[in-house]
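Subject: Structure handover

Hello,

Here is the structure for your use. My notes on it come after the coordinates.

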Amino acid sequence: MATSATSAATSAATSTTSATSGGVLLSGGTVIDGTGAAPRPDTDVLIDGDRIVAVGPSAIATADTVTIDVGGHTVMPGLIDSHCHMTFGEPSSNDELFFHRDPSTAMLVAAFNVPKLLRAGVTGFLDPDGISDLGPALRDGIEAGLVEGPRMAAGMNALLTAAGGTAGRLIPDEGIAGYAHVMRDRSEMVRTTRQQVKYGADWIKILVTGSLPNRAGELTVWSLDELRAVTDTAHALETPTVAHCRNAESTRLAAEAGVDLIFHASFLDEPALDAVVESGAAIAPTFTFLANLADHGAKVGAMTTQVDLFRGEIAATAMMLRRAHDAGVRLLCGSESGFSLTPYGHWHARELEIFVDALGLTPLEAITCATRNGALALRRPEGSIGVVATGAAADLLVVDGDPSVDVTILGDRSRLRHVFSRGRAVDLDRPWPERAILPGEKVGLWSERQLTWEIAHP
Ligand SMILES: [Zn+2]
C-alpha cells in the first residue's frame, strides 16, 4: 500500500505532564488490551490527558491522581466503528436519504446524533461518505469542541460511475446527489479525488458495485483502470481509499488497484481472496445491516423479501473471510449505523457477535477487530490507538462483565460503567437524547396500501 498514516501524535506523554496533573487511575480491573493477548486481572491503568501513561500491577499514583476502583470490571479500548454514516440521519429508504435531507438540517441532526456514539462505547469511527460533503466539517467541529463526539475520520461524496450505486435509478447520470458524486470519465475521477483531498477528506470512497434495476445482486461498475486512476491519485496525495464491493470480482479489482480498505467483500472467491492477501488490503465486512434486517426486520415492518438472500450472503462470505483472517488479512468491525435498521448508538458492537458466530473468531479476536485494527480506519499507526498500552491514546471503556467470554455484553449500554474519550470521562448518566421529527424529514405516504373499492365495502 502506498498510503502512509499521517497525523497521529504518537509520542507518549512526558513524565512532566503526568507529574503536574496527576491523571486518572483505573484501579484493579481486568485489562483486555485489544491486541488479542489474554485478559490481565488486577491490572491498573493510569491515564493523563490524552495518553495512557502506565499499565501494570500497581501503577504509580500521585497525590493529585483521581483513583476509580474498577475491581470486578473489564478495562478495554473504546470501540472503533469503521463504517458509520453520521450524516444520513437514519432514513427508512433511499428516497428519504436522497430527497429528504438538506445540508443544513442534516448537519444539525448529525450534531444531535454523534454524542450517542460515545455513550455506546464508540471512541473512534470512520464515516466513509456523507451527504453534501458534510464529513470533514463535522470532524473538525468535534475536534474543536463544538460538538461532543468520538474521534472521526471523514470521507466526502462517494465516487460512482453512471451505472450508479446502491440506489438504482435514483442516482443521477452525472453530478452530485445525496452522498453520490457520479463521474463522467477518468479525468473527472482524478480531478474529484484531488478536490476531495483539498477539502479535507481523510479517505476517498468508491462504490465499485451498483444495483441495476432488473438485475439480481450488485454488478461491478468500475474498470481496473478507473479504480487505479483514483487510488494512484489518492495515494500520491497520501490519502487512502475505501471501496464498497458487493461481489467477488469487484473485491478482486479493488485489491489489484491498491484500495486500502474494502467494505463487504461479499461472496469473496479464490481469486479475490488471493488478490486481497497479496495487496495487504483490510476488510470491513459490515454484516450488521444485513443481519439486523434478517433477524429483526420483521419486528419493525422492514421489507423482508431479501432475508434469505442476505442470510446466504453472510454465510457464503463469512466462510471465506475466516480464511482471509487466517491468512493475515486485517478485519475491521463496521456497523453501517445511520439507517432506520441501524440507528446511532444501538448496533456498534453487533459486528463482533457476527464475527464470533459466523466467522468463528474468538471473542478476543473479534475485540481486536473492533479496537486495535480500527487504527487503520482512523489513519493512525497500529498500536497508537485502540489498545491499552503505555503511550496509546486514552480511549477506554470500563465494562461490567467479561467480553472475552461474551462479546454481546458490549452491545448493552447498561453494562458500560465508564467511557473515557481523549482521557476525559463521558457523562453516561444523562437521559438518552430524544427529539421530534422535523418538517420534510420523512417520505410522506398517501397511504400504506391501496384503497380499493373492496376494502371500502367489506
Ligand atoms: Zn455504507
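The notes below go from the domains to the strands and then to the helix pairs.

Please keep in mind that this is a predicted model.

Domains

The protein chain is split into two parts: domain 1 covers 15-76 + 404-425, and domain 2 covers 79-348. Domain 1 is therefore written as two segments, because the domain bounds come from an automatic or database domain assignment. Between the C-alpha centres of domain 1 and domain 2 the distance is 32 Å. Five residues from domain 1 and seven residues from domain 2 take part in the contact. On the side of domain 1 that touches domain 2, the residues are three nonpolar, one polar and one charged.

Strands

Strand β2 (residues 40-48) and strand β3 (residues 51-56) run antiparallel and are joined by five bridges.

Strand β7 (residues 122-127) is joined to β8 by four bridges, and the two run parallel. Opposite L126 stands A153 in β8.

Helix pairs

What angle do helices α6 and α7 make where they cross? The axes of α6 (residues 224-236) and α7 (residues 248-257) cross at roughly 45° and come within 9 Å. That angle makes α6 oblique to α7. The crossing of α6 and α7 is right-handed. On the α6 side, the residues that meet α7 are L224, L227, R228 and T231. Their partners in α7 are L253, A254, E256 and A257. By class, the contact of α6 with α7 holds five nonpolar, one polar and two charged residues.

The other pair is helix α8 (residues 270-279) with helix α10 (residues 307-326), whose axes come within 10 Å and cross at roughly 30°. Angles under 35 degrees count as roughly parallel, so α8 and α10 are roughly parallel to each other. The crossing of α8 and α10 is right-handed. From α8, the contact takes L273, V276 and V277. From α10, the contact takes M320, R323 and A324. The residues in the contact of α8 with α10 are five nonpolar, no polar and one charged.

Taken by pair, the contact of α6 with α7 includes one polar residue, while the contact of α8 with α10 has no polar residues. The α6 and α7 axes cross at roughly 45°, and the α8 and α10 axes at roughly 30°.

Regards

Conventions
Residues are numbered from 1 along each chain as its sequence is written. This is a predicted model: local features need pLDDT of at least 70, side-chain atom pairs count only at pLDDT 80 or more; totals for chains, interfaces and linings use all residues. Two strands pair if DSSP finds at least two bridges between them. Axes are lines fitted to C-alpha atoms, for helices over the stretch in contact, and angles run from 0 to 180 degrees between N-to-C directions. Angles under 35 degrees count as roughly parallel, over 145 as roughly antiparallel, 65 to 115 as roughly perpendicular and the rest as oblique. A crossing is left-handed if the near helix is turned anticlockwise from the far one by less than a right angle, and right-handed if clockwise. Two residues are in contact if their C-beta atoms, placed from the backbone, lie within 7 Å. Ala, Val, Leu, Ile, Met, Phe, Trp, Tyr, Cys and Pro count as nonpolar, Asp, Glu, Lys and Arg as charged, and the others, Gly among them, as polar.
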